[in-house]
Amino acid sequence: MPSNDRLRYLLTQYTNKNCSREELEELFSELRAPAGREALSQLISGQYSELPSEKEGGDIDWDFMYQTVTAKERPSVRSRIVFFSKIAAAVLVLVAAGFWLWRAPAQREKTPATATAMPAGDALPGTNKAVLVLADGTSVNLDSAGSGSVGQQGNTKIIKLPGQLTYNAGTGGNEAPVFNKVATPRGGQYQLTLSDGTRVWLNSASSIRFPVAFTGSERYVEVTGEAYFEVARADKNGQRIPFRCKVNDMEIAVLGTHFNVNAYADEAEIRTTLLEGSVQVKQGAATQLLAPGQQSRVGKDGQITLARQVNLDEVMGWKNGFFVFEEADIRQIMRQVEKWYNLDVVYEGPVPDGRFNGRVSRNTPASQMMKVLELSGIQFRIEGTRLIIRS
C-alpha cells in the first residue's frame, strides 16, 4: 500500500505535467488497486476541511467523480495524455476531495431554482417554463400563469400546479380528437400528466403534441427534442390500449413502460432508451425491440442500431437535475449547455479535443459549470448570450 506522501507526490506530479512514464503507470496502477483507493480515501478525509465552502462546491458530485476515476483503466502509455490545468495546488485539493474530471486523449475515429437576476458575464440555469398551445391556437405562458385551472378543452380540464400541467378528462369524451401542445424554450423544462395518467418530463427546447383525451383504440403523441415518459396502463374491453410516440418519421410503440427519447435536430441520431417494460422502435420497414437498459439509435440514414448496455445515469441526468457526461467530447457537452443556459457557443481557434467524465448540478450558474471544465484546460468567457470557448 502506498504511503499518503507517495500518492500525494504522484498526484502533484500528474497535475504539474511532470509525471514520468514510470510514475504515470504507478499512479494509475495504484488507483485501480483497493490499497491505492484506501490511501486516496485517507487523503480525502485528511483534507476535506480545506475544501471550498459548500456554496462553492456543493453543486459538484464528488463521490460520483471519485468512483469514475477509480473505475477507469490506466490510459495507454502510447497515447497522448491530456492533463489538468496548471493550477496544481487548487486541483490537488479537489482531487483529494474526491473530484476527478478525467480528460482522456481524443480518439480519431432536482428542480431548478427560480433566479431573479443574471450577474454580468454569466448565465443562470434554466427554470420551469413552457408555453401551452390550445386547439384554437391560443397560447398560454405557463411560467407566468397562476396555479389552478388554465382552461378547458371539451370535457377535459387543464390544471396548472408549480412546474407541471395536469389534464383531467371528464366523462363522455370528445367526438373527434382535440390536440394541445406544450413547448419549452431553451432554458426551460416542464412536466405534464396526460389524461390517461401518463407522466411526461420535457427537457429544454422540446415539445409534445397530444390529444386532450384519449378516446380511440390507441394513444398517440408527437415529440420533438427530449422527453421522458412513464406510460400509464390503459385498457378497453379487456385489452390494453397501446401508446405510440412519433418522432419525425420514427415511431415508438409501447404498452406500459418508462423510456427516454432524445431527438434533438442537432444530434447525429435519435436515441430511445428503455428503463422499464418494453418498447418497439420502428423506422420505415425496420423495427427494433428494446429490453430495459438498451438503447436504439436511428441515424440520419434511417438505419437502426442497438446499444445493449448504456449508462442510464448519463441518459437520465437531465431529468434528475444533473449534467452527466461519460467519454463525452466538448461539442456534446456544449450542446447541452446551449439549451439549458440559453447561450450560443462560439469556438475561438481549434475546437478543444479530449473526452470528459463528470457530473455537475444543472442548478448552478453557467460560470460554475464551466469552471469544472476549466480545470482540464478549457478556457471560456461569457459575453451577453455568447459562451466563447478556447483551449
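**Exercise 1. A helix on a sheet**

Which strands does α8 lie across, and at about what angle does α8 run to β23?

*Solution.* Begin with the sheet itself, which in this predicted model is an open one of 3 strands in the order β23-β26-β25, with mixed pairing. β23 (344-347) and β25 (379-383) stand at the edges with a single partner strand each, so one side of each has no neighbour in the sheet. From one strand to the next, the twist averages 25°. Next, take the pairing of β23 with strand β26 (residues 386-390), which is parallel and runs over 4 bridges; within that pairing, V345 has L387 in β26 as its bridge partner. Finally, place the helix: α8 lies across β23 and β26, and its direction is at about 150° to that of β23.

**Exercise 2. A covered strand and its partner**

Determine how many residues of strand β24 are buried, which way each of them points, and how β24 is joined to β22.

*Solution.* Strand β24 (residues 356-361) is mostly covered, since 6 of its 6 residues are buried. Sorting them by direction, F356, G358 and V360 point one way, while N357, R359 and S361 point the other way, and all are buried. Strand β22 (residues 322-328) is joined to β24 by 5 bridges, and the two run antiparallel. In this pairing, F323 has V360 of β24 as its bridge partner.

**Exercise 3. Aromatic rings**

State how many aromatic pairs the whole structure holds, and work out why the pair F229 and F259 is stacked.

*Solution.* A search of the whole structure gives 6 aromatic pairs. For F229 and F259, the ring centres are 4.9 Å apart and the planes meet at 10°, so the pair is stacked, because planes under 30 degrees apart count as stacked. This pair links distant parts of the chain, with F229 in strand β11 (residues 219-230) and F259 in strand β16 (residues 258-263), 30 residues apart. F229 has a relative accessible area of 0% and is therefore buried, and F259, likewise at 0%, counts as buried. F229 and F259 also belong to one aromatic cluster with F214 and F243.

F323 is buried at a relative accessible area of 1%, and Y341 counts as buried at 4%.

**Exercise 4. Charges over rings**

Identify which ring lies under R331 and which lies under the charged end of R362.

*Solution.* R331 lies over the face of Y347, at 5.0 Å from the ring centre. The charged end of R362 sits over the ring of W340, 3.8 Å from its centre.

**Exercise 5. Positive phi**

For E327 and N342, give the value of phi and say where each residue lies.

*Solution.* As background, most residues other than glycine have a negative phi. E327, which lies in strand β22, has a positive phi near 55°, and at 29% relative accessibility it counts as partly exposed. N342 also has a positive phi near 55°; its place is in the loop between α8 and β23, and with a relative accessible area of 38% it is partly exposed.

**Exercise 6. Confidence**

Decide where in the protein chain confidence is lowest and where it is highest.

*Solution.* The mean pLDDT of the chain is 78, and 71% of its residues reach 70 or more. Confidence is lowest in helix α6 (residues 88-96), at a mean of 35, and highest in strand β9 (residues 199-202), at 98. Over residues 62-111 the pLDDT is below 50, although this stretch has 132 contacts in the model beyond near neighbours in sequence. Where pLDDT is low, the predicted coordinates should not be read in detail.

Definitions and conventions. Residues are numbered from 1 along each chain as its sequence is written. This is a predicted model: local features need pLDDT of at least 70, side-chain atom pairs count only at pLDDT 80 or more; totals for chains, interfaces and linings use all residues. Side-chain values use heavy atoms; hydrogens and water are left out. pLDDT is the predictor's confidence in each residue, from 0 to 100. Contact means heavy atoms within 4.5 Å. Buried means under 20% relative accessible area, exposed over 50%, partly exposed in between (1.4 Å probe, protein chains only). Two strands pair if DSSP finds at least two bridges between them. Rings of Phe, Tyr and Trp (its six-membered ring) pair if their centres lie within 6.5 Å; planes under 30 degrees apart count as stacked, over 60 as edge-to-face and the rest as tilted. A charge sits over a ring if NZ of Lys or CZ of Arg is within 6 Å of the ring centre and within 35 degrees of the ring normal. Axes are lines fitted to C-alpha atoms, for helices over the stretch in contact, and angles run from 0 to 180 degrees between N-to-C directions.
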